[in-house]
Amino acid sequence: MMVDTHTHLDFAEFDADRETVIARARLAGLAAIVNVGADLESSRASIALAEQYDFIYAAVGIHPHDACTVTPQVLEELRALARHPKVVAVGEIGLDYYRDLSPRPVQRQAFADQLALAAELGLPVIIHSRDALEDTLSVLQGWRGTGVLHSYSGGPERLEKVLALGFFIGISGPVTFPNAHRLRSVAAVVPLDRLLIETDCPYLTPEPYRGRRNEPTYVWYVAGAVARARGMSAETIAQATTENAVRLLGLKLPGTRPE
Ligand code: NI
């Protein structure tokens, strides 16, 4: 059993074969998939997928790239969407100083506004943080809630601060890349009860499929690389990360009991 805690199956890359990809994921032992919104449209599409498939859950939120679009009206719409029974998180939200598609102060405000919304609704958050970990941590200081830093790309030196906030660490495909020594050193030391595994498909395709479209089935390659980095079996990683996903996101899987 395995959970992919970060997918974008609503994206156009899956338009030609979405049903087949989802069927393959189920056959590969995925007990749940969390499809994550990046704007209002993809948040609605995530909910639509969650309504269509029992093992798909949704997160709703506005990506930092689109922080400029976060108005009181948009927040009101997100609040309404987030009340859907299959919405398990607010995300993906955060800061992206690598592409800087919205001005940084606007990104910080949109991030803070959506954190406040998550706290109000009692939902965890899925955070995108690229080249912005210091500011991400400072915005999170004093926020009372929990969540995951998805596709973690920070070094081991900042890990303690993230863990001290009570957050989970999401590891994705780059952990399989031959020269990703730093990320593997992170994957090796994250406490087992704070680890999540994800694909971020269609992006970040793991080896041996790097360069092609990613899909949830490949989450096993991520788990395999994490397992090797820790000297554990892939089954141990799968079981622990599944339990973590259930605990953080309140997923209802066959044979597990959400808290
Ligand atoms: Ni994503």
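**Close-up views of the predicted model**

Helix 1 is followed by G29, a residue whose phi is positive, near 90°. The helix itself spans residues 18-27 and, together with strand 1 and strand 2, makes a right-handed β-α-β unit.

Strand 1, formed by residues 2-7, is mostly covered, with six of its six residues buried.

Within helix 1, the residues V21, I22 and A25 are buried. Viewed down the helix axis, the buried residues of helix 1 fall within an arc of 95°, and they therefore line one face of the helix. These buried residues pack against strand 2, helix 2 (40-52) and strand 3 (56-60), whereas the face of helix 1 that is turned away from the buried side carries E19 and L27, both of which are exposed.

**The surroundings of S172.** S172 is found in the loop that lies between strand 7 (168-171) and helix 7 (181-189). With a relative accessible area of 3%, S172 is buried, because residues under 20% are classed in this way. When its neighbours within four places in sequence are left aside, S172 is in contact with S151, E198, T199, L204 and V222. With S151 there is a polar contact between the two side chains, at 2.8 Å.

Key
Residues are numbered from 1 along each chain as its sequence is written. This is a predicted model: local features need pLDDT of at least 70, side-chain atom pairs count only at pLDDT 80 or more; totals for chains, interfaces and linings use all residues. Side-chain values use heavy atoms; hydrogens and water are left out. Buried means under 20% relative accessible area, exposed over 50%, partly exposed in between (1.4 Å probe, protein chains only). Helices (H or I, at least four residues) and strands (E, at least two) are DSSP runs, numbered from the N terminus. A crossover is right-handed if, with the strands pointing away from the viewer, the path from the first strand over the helix to the second runs clockwise. The arc is that of the directions from the helix axis to the C-beta atoms. Contact means heavy atoms within 4.5 Å. A polar contact is a pair of N or O atoms within 3.5 Å; within protein, one must be able to donate a hydrogen and the other to accept it, and residues adjacent in sequence count only if both atoms are side-chain atoms.
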